[in-house]
Amino acid sequence: MGRIALLFAMILMPAISMAITPEPVEPLAPVSKELKKQLLGTPVFLQIFKEERTLELYGKIGNEYRLLDSYRICNFSGGLGPKRREGDFKSPEGFYSVRLKQLKPDSRFYRAINIGFPNQYDREQGYSGNYLMIHGDCVSIGCYAMTNAYMDEIFSYVNAALRNGQPQVDIAIYPFRMTESNLQRHRNSVYASFWRELQPGYAYFQRYHQPPGVSVNAGKYVMNSSPVVTNPDAASKSFLALTKAE
């Protein structure tokens, strides 16, 4: 019996590991330009990957978020790792949310979205700083700077989503794509344990195509463990109707 149990464990362990941590995948292709135009006003979600210098804009179709477009980050400062104190020139990492009052259409850096740093996690760590943005003008000291053309699009979709009833737009900011191979590559970093906290949020979105529900407990990020499905029949009909445009 002991040998049989060991054999089953050897078979199941890789499967369990793969279910928890997604292996490296090629970035998804965005929806068609025609469908993208139709989705102005749908709920949106942003992911940022520092190492890849990429901002991804997702829009909700049915009960899933699909990639609308990827944008090259023109500039950010401070390298990998979270922002900890005002004046360290680093750009934040973690989970943030944006409400309508955080949009700055008349920013001196063209247009800007205040990401809401410091969030609850940052405050519990004693981190300091403010006015950390995604903005235009391609110049950054602690922010994520885009070209003005890219910022126009990103701002338009976030603004339209919030004005159309989305309570807040979630933004997940990672040092890199949070695959196991990338985490292993950076395992000796002083930030390795923090990045392990972020990884379940990345894995959740990869699996369910919905933004992770994130809370802070005892100074740690805590993720939800199952997708939230609201009115699945209506979601299915919405998905079928929109995908006809592709």
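What share of the 246 residues in the protein is buried? Buried residues make up 45% of them, where buried means under 20% relative accessible area with a 1.4 Å probe, counting protein chains only.

A quick note on the model: it is predicted, so local features need pLDDT of at least 70 and side-chain atom pairs pLDDT 80 or more, while totals for chains, interfaces and linings use all residues. Residues are numbered from 1 along each chain as its sequence is written, and side-chain values use heavy atoms, with hydrogens and water left out.

Here's the protein overall.

| Feature | Value |
|---|---|
| Secondary structure | seven helices and eleven strands |
| Accessible surface | about 12800 Å² |
| Carbon and sulfur share of that surface | 55% |

Helices (H or I, at least four residues) and strands (E, at least two) are DSSP runs, numbered from the N terminus. The surface comes from the Shrake-Rupley method with a 1.4 Å probe.

Now take helix α6, which covers residues 192-208 and reaches 25 Å from its first C-alpha to its last. There's a kink of about 30 degrees at Leu198, shortly before Pro200; the bend is the angle between axes fitted to the seven residues ending there and the seven starting there. Buried residues in α6 include Trp195, Leu198 and Tyr204. After α6 comes His209, with a positive phi near 60 degrees.

Over in the loop between β3 (64-72) and β4 (94-98) you'll find Ser77. Ser77 counts as buried because its relative accessibility is 12%. A polar atom of the Ser77 side chain lies 2.6 Å from the backbone nitrogen of Gly142.

Key:
Buried < 20%, exposed > 50% of the residue type's maximum accessible area, 1.4 Å probe, protein only. Expected span 1.5 Å × (residues − 1). Polar contact = N/O pair within 3.5 Å; in protein donor to acceptor, adjacent residues only side chain to side chain.
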